[in-house]
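Please read it alongside the sequence and the coordinates.

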Amino acid sequence: MATSWNGLSSVLPEESYMTLITALAFTVLWLLWSISSYFRCRNRLPLPPGNFGFPVIGQTVEHLLALRTADGIRQWMQKQVDKHGPVFRYRFVGYPMVMMSQPEGNKFIFQNEGLSNHIFWPSHISTMFGPHAVITQSGERHKLVRCHLNRFFDRAAMGRYIHGVNCNAIRHFTNHWQGKEQLVALDIINFFTGSCVCNLALSLEEGPLMYRILEETQTWIGGLYCLPINLPGFRYYKALKARGSIFKLLDGLMEQRRQMIAEDHVPEALQNDILNSLLTVPDEEGNLRQDSFIKDNLLILLFGGYDTSSVTLAMTIFYIAKNPHVYEQILQEQKLIVDGKCSSGENENALTMEDISAMKYTWGAIQETLRLHPVLTGSYRKTVTDLEYEGYHIPKGWLLNWNSQHSHYNPKYFKDPFKFDPSRWEKRPPPFTYLPFGGGVHLCLGYEFARMEMLIFIHHLVRNFSWSLVDPSYDGPIIRDPLPRTKDRVLINVKRVIAS
Ligand code: HEM
């Protein structure tokens, strides 16, 4: 029997011979790869516990359903922690994820940002944000964009805005609250927070254009936590359409402003808004910003600055109504501020940054609302190297999920965690246990602005109105849509009180 290669080639056709050689080569390569993987894995730590569920889908549907109510997401998290421990793996919209439910895990993520992990959004969400938005950037690019925007959001900038935000609040209560007996707090407050951010970013006053932008922004937000099905009738499809509509409106505003700039005729009131800066301040290479860069970032500011603060205020109003002693204490704190102004001959309606700092208990009430119902319960980072954490191996390319749900309700850090107790904020909680504004390099850019506008709002609210819930027995569910709210969007009876 001819067994030489030559002999073999003589009994097999040439094509079969090539196929055989290729198959042999692949088999050898596969064997080598398997052997080297075996030796690599032999010394490697185990993966975090948990399971990936079905291929691609994993726990996507289960997780999205849980995300629809505050109890749902908290219970989902607790169930996973009880089953697997505080660090566990799961799969969400196709991505392998590791949930870090403890403060140590959140610290690990935030402190390694830009080193072993980078910000990451599932592709359907980053499509919604756009490729240039500060929230989708990492490393040096993120630093540069954030640096450009930071001048509008640091403490010093707040001193420039306080007067405008205060006037906005006074106008808001006169136009939208006075003379009303009943109102849907969440919907009405949207006008306040919406006009604050539209003013800051675009110098836009309350009116039809602002209403249109806010309405489209709300449809856009609806697409952030839903199944990414881009077909007519689905939320994601509507959200992408809304993004297009917002961009068209922004195109119009940008064109108008460019014309003013070209004619050197920008009114003083518009010269310091974010749009003007994005249109005139060049990037690090000396080039003016592209339109897509400007629009992606304006959209993220509209999102960041509008619904986040309004749902927080509406939920604060809900909790204050449920806790009359909290209303009394806030009222006393605010009266003290006004009394101080009156006795020193200052205008009692003009608030200063010192007044904001003095609103400690009021801020405690807002912080308590954000503890119970943070706007964002967590988000994602992607590992850029293989990692070891708590005795587990986390491969490069996996996602890490920082999350506040577990620690916000943990009695170890917040005694009696289901109780709404603003006085607990007299003491700071341990680091990385309280994360409504995120952490690390992507910590909320608008934190100072949000704090100031929310405190100013509550100041005028308690001085001028008392309120009660139309359904005082409402005890849940707190729906997440994706932001937290009551079923009736905080429907309240309102009564005017004499400001003193
Ligand atoms: C109650 C109010 C607010 C809450 C609870 C909130 C929450 C957050 C959170 C949790 C993040 C971090 C996201 C992450 O790490 O993945 C964030 C980022 C951000 N927020 Fe806020 N936010 C609020 C108000 C605002 C306001 C008023 C603005 C602007 C006008 C704003 C603008 C932003 C921006 C631009 C980012 C991205 C920062 C970056 O990636 O560097 N936010 N916010």
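Val326, Gln329, Ile330, Glu333 and Gln334 in helix 15 meet Tyr361, Thr362 and Ala365 in helix 17, where two residues are in contact if their C-beta atoms, placed from the backbone, lie within 7 Å. Helices (H or I, at least four residues) and strands (E, at least two) are DSSP runs, numbered from the N terminus. By class, the residues of this contact between helix 15 and helix 17 divide into 4 nonpolar, 3 polar and 1 charged; Ala, Val, Leu, Ile, Met, Phe, Trp, Tyr, Cys and Pro count as nonpolar, Asp, Glu, Lys and Arg as charged, and the others, Gly among them, as polar.

This is a predicted model, in which local features need pLDDT of at least 70 and side-chain atom pairs count only at pLDDT 80 or more, while totals for chains, interfaces and linings use all residues. Residues are numbered from 1 along each chain as its sequence is written.

Two packed helices are described by the angle between their axes and the distance between the axes. Axes here are lines fitted to C-alpha atoms, for helices over the stretch in contact, and angles run from 0 to 180 degrees between N-to-C directions.

| Helix pair | Angle | Axis distance |
|---|---|---|
| Helix 15 (residues 324-343) and helix 17 | roughly 140° | within 8 Å |
| Helix 14 and helix 17 (residues 360-372) | about 105° | 9 Å |

Helix 15 and helix 17 are therefore oblique to each other, on a scale in which angles under 35 degrees count as roughly parallel, over 145 as roughly antiparallel, 65 to 115 as roughly perpendicular and the rest as oblique. Helix 14 and helix 17, by comparison, pack at an angle of about 105°. That makes helix 14 roughly perpendicular to helix 17. On the side of helix 14 the contact is made by Thr312, Met315, Thr316, Tyr319 and Ile320, and on the side of helix 17 by Ala365, Ile366, Thr369 and Leu370. The residues of this contact divide into 6 nonpolar, 3 polar and no charged.

An open sheet of 3 strands has the order 4-12-9, with antiparallel pairing, two strands being paired if DSSP finds at least two bridges between them. Strand 4 (182-184) and strand 9 (465-469) stand at the edges, each with a single partner strand, so one side of each is left without a neighbour in the sheet. From one strand to the next, the twist averages 35°. Strand 4 is joined to strand 12 (residues 491-496) by 3 bridges, and these two strands run antiparallel; the bridge partner of Val184 in strand 12 is Leu491. Helix 14 packs on this sheet, touching strand 9 and strand 12, and its direction makes about 85° with that of strand 9.

A second open sheet, of 5 strands, has the order 1-2-8-5-3 with mixed pairing. Its edges are held by strand 1 and strand 3 (117-120), each with a single partner strand, so one side of each is left without a neighbour in the sheet. Here, too, the twist averages 35° from one strand to the next. Strand 1 and strand 2 (residues 95-100) run antiparallel and are joined by 6 bridges, and within strand 2 the bridge partner of Tyr90 is Met97. The hairpin of these strands has 2 residues between them, and Val93 takes a positive phi near 35°. Strand 2 and strand 8 (residues 399-403) pair in the parallel sense over 4 bridges, with Met97 standing opposite Leu399 in strand 8.

Strand 1 (residues 87-92) is mostly covered, since 6 of its 6 residues are buried, a residue being buried if 20 or more other C-beta atoms lie within 10 Å of its own, exposed if 12 or fewer, and partly exposed in between. Val87, Arg89 and Arg91 point one way from the strand, while Phe88, Tyr90 and Phe92 point the other way, and all are buried.

The ligand comes next. Of the 24 residues around the ligand, Gly304, Gly305, Gly438, Cys444 and Gly446 come nearest, a residue being near if its C-beta atom, placed from the backbone, lies within 6 Å. The elements that give two or more residues to this shell are helix 13 (291-305), helix 14 (307-322) and helix 19 (447-464). Helix 13 gives the most, with 4 residues. The shell has 14 nonpolar, 9 polar and 1 charged residues.

For the chain as a whole, there are 19 helices and 12 strands, and of its 500 residues 37% count as buried.
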